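Reader: I would like to learn how to read a structure of this kind. Please take one feature at a time, with the general idea before the case.

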Amino acid sequence: MGSSSSWLVAALFALLGVGELLPWQVFLGSIDHFAVAFPSHAFGVALSVAYNVPGLPAVFLNMWIGPKIPFAARLVGLLVVNMLGLALIPVVMHFASLETAYTLLLALVSITSVSSTMAFGTVTALGSLVPGRNNVVSAMTGNGIAGLLASCLRIAIKQIAADATLGCYIYFAVSAGVMLVCITAAMMLMRLDITRKALDKVARTRKTAGTPRSQKQQQPLPARTYRDAAVVFVVFFVTLAVFPGLVTMIPSQTPEQQDWFRVQLVAVLTVGDFIGRGLPYALRLPRGLLEITSYARLALVPAFVICARGLITSDAAAYTLVLLLAVSGGYCGTLGVTYGPEAVPTELKERAGFLMGLFLMAGVLASSPAALGLLYITAT
């Protein structure tokens with residue numbers, strides 16, 4: 001594959017990564033507006049539950065029906081659902097009553113959670129099948145770009161729009177437009193010769209084996225793949241156990257700047273995560289060393305508890321700790337997701353991709369009670 005072709009494939013996978021995670025990042029960016037629109041509801045908590053809870057069942061749904069649907073139809077369809085989920089928010093908020101709008105909003109959040117989770121497994125599997133060493137890395141980097149893009153859009157539109165409600169509507173409409181670009185990227189990728197040949201090879205492999213597809217998929221994955229999945233689990237568990245809860249509780253050494261300090265810490269984490277996801281382009285740790293590094297990140301948890309309790313009051317220390325959390329999390333998570341499908345035979349790559357998504361969502365869900373426990377420990 002020529003250098004120009006490889007860069008095109010990498011760019012297209014990056015756009016798929018944006019499309020996977022953009023809805024969640026856009027919802028996060030609009031918490032301030034919805035907290036005002038629904039003052040009698042704890043919208044931040046409801047948003048987290050509505051998005052995270054459907055994720056794990058969505059992984060199993062993807063493992064069950066995903067292989068029965070061609071990659072092109074599955075991928076484009078899931079991204080279309082993400083686009084519609086964003087585009088319908090202004091309609092719901094404008095025309096529905098307050099309580100109905102709240103219910104429909106959370107329903108759309110849950111629907112996009114299912115489609116995003118299924119898209120993650122699909123893109124991971126596709127990235128491991130299409131020739132190119134950094135396809136999955138590109139998609140994971142696209143996840144980081146989604147966070148940066150959503151933040152920049154929200155800040156820019158909030159500054160420009162005089163009316164907060166109109167600004168929020170524009171924010172979701174523009175985000176839906178970005179999703180349209182991601183859908184176009186998916187269609188372009190599926191039409192490339194390199195993608196067609198890769199998927200044809202998969203079809204021939206299954207046919208030559210003389211084994212029904214459903215049976216072929218029941219072959220056990222190597223134990224090494226489960227160790228890669230465990231890396232993904234622990235990386236996302238550690239990150240989400242301390243963010244946003246403990247991170248936003250860290251006191252500034254300048255108390256009057258506390259609100260701005262929180263914004264800065266979140267910005268450092270967003271940028272650090274993006275950097276970490278892109279590092280595997282230049283440096284890949286061996287799998288054994290990656291495991292050690294990932295589990296060593298557990299030591300960050302007590303460090304954040306110490307900072308959040310104010311036992312160490314240093315803005316520089318807080319910035320450094322958050323940056324370390326973000327870069328290491330983005331880097332180890334990306335490599336874990338990449339190594340899993342990369343090291344198995346062609347006929348098992350799709351299942352390995354689904355497994356990475358399963359352990360990722362398990363880490364997300366397990367982090368919720370851990371985060372509550374850490375908040376209790378810190379506050380007492």
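Author: We begin with contact, which means heavy atoms within 4.5 Å. The model shown here is predicted. In it, the buried residues of helix 12 (258–278) pack against helix 7 (135–160) and helix 15 (315–342).

Reader: Which residues of helix 12 are buried?

Author: Buried means under 20% relative accessible area. In helix 12 that applies to Q258, F261, L265, L269, T270, G272, G276, R277 and G278.

Reader: How many residues does helix 12 have, and what distance does it reach from its first C-alpha to its last?

Author: Helix 12 has 21 residues and reaches 31 Å, which is close to the 30 Å expected at 1.5 Å a residue.

Reader: How many helices and strands does the chain have?

Author: The chain has 16 helices and zero strands.

Reader: What does the radius of gyration say about the chain?

Author: The general idea is to set the value beside that of a compact globule. For 380 residues such a globule would have a radius of gyration near 21 Å, and the chain agrees because its own value is 21 Å. Along the principal axes, the C-alpha atoms fill a box of roughly 70 × 50 × 35 Å.

Reader: What share of the contacts joins residues 24 or more positions apart?

Author: Among contacts in the chain with a separation of 6 or more, such residues account for 86%. N52 and V114 are 62 residues apart along the chain, and their C-alpha atoms are separated by 9.3 Å. V81 and S116 are 35 residues apart, with 8.8 Å between their C-alpha atoms.

Reader: Where do N52 and V81 lie, and are they buried or partly exposed?

Author: N52 lies in helix 3 (residues 43–52). Its relative accessibility is 11%, so N52 counts as buried. Leaving aside neighbours within four places in sequence, N52 is in contact with M361, V364 and L365. V81 is in helix 5, and at 31% relative accessibility V81 counts as partly exposed. With the neighbours within four places in sequence again left aside, V81 is in contact with I111, T112 and S115.

Reader: Which residues are in contact with F34?

Author: Beyond its neighbours within four places in sequence, F34 is in contact with F43, I89, M93, L105, C168 and F172. C168 and F172 also touch S30, as do R154 and Y171. S30 is found in the loop between helix 1 and helix 2 (31–37), and S30 is buried, with a relative accessible area of 0%.

Reader: Is T195 buried or exposed, and which residues does T195 touch?

Author: T195 is in helix 9 (residues 193–209). At 0% relative accessibility T195 counts as buried. Residues up to four places away in sequence not being counted, T195 touches L126, V130, L189 and M190.

Reader: How many disulfides are there?

Author: A disulfide is a covalent bond between the sulfur atoms of two cysteines. With a cut-off of 2.5 Å between the sulfur atoms, the count is zero. For C152, the nearest cysteine sulfur is that of C182, 15 Å away.

Reader: Are C152 and C332 buried or exposed?

Author: C152 is exposed, with a relative accessible area of 53%, whereas C332 is buried at 1%.

Notes
Residues are numbered from 1 along each chain as its sequence is written. This is a predicted model: local features need pLDDT of at least 70, side-chain atom pairs count only at pLDDT 80 or more; totals for chains, interfaces and linings use all residues. Side-chain values use heavy atoms; hydrogens and water are left out. Buried means under 20% relative accessible area, exposed over 50%, partly exposed in between (1.4 Å probe, protein chains only). Helices (H or I, at least four residues) and strands (E, at least two) are DSSP runs, numbered from the N terminus. The expected span of a helix is 1.5 Å times one less than its number of residues. The radius of gyration is taken over C-alpha atoms; the globule rule is 2.2 Å times the number of residues to the power 0.38.
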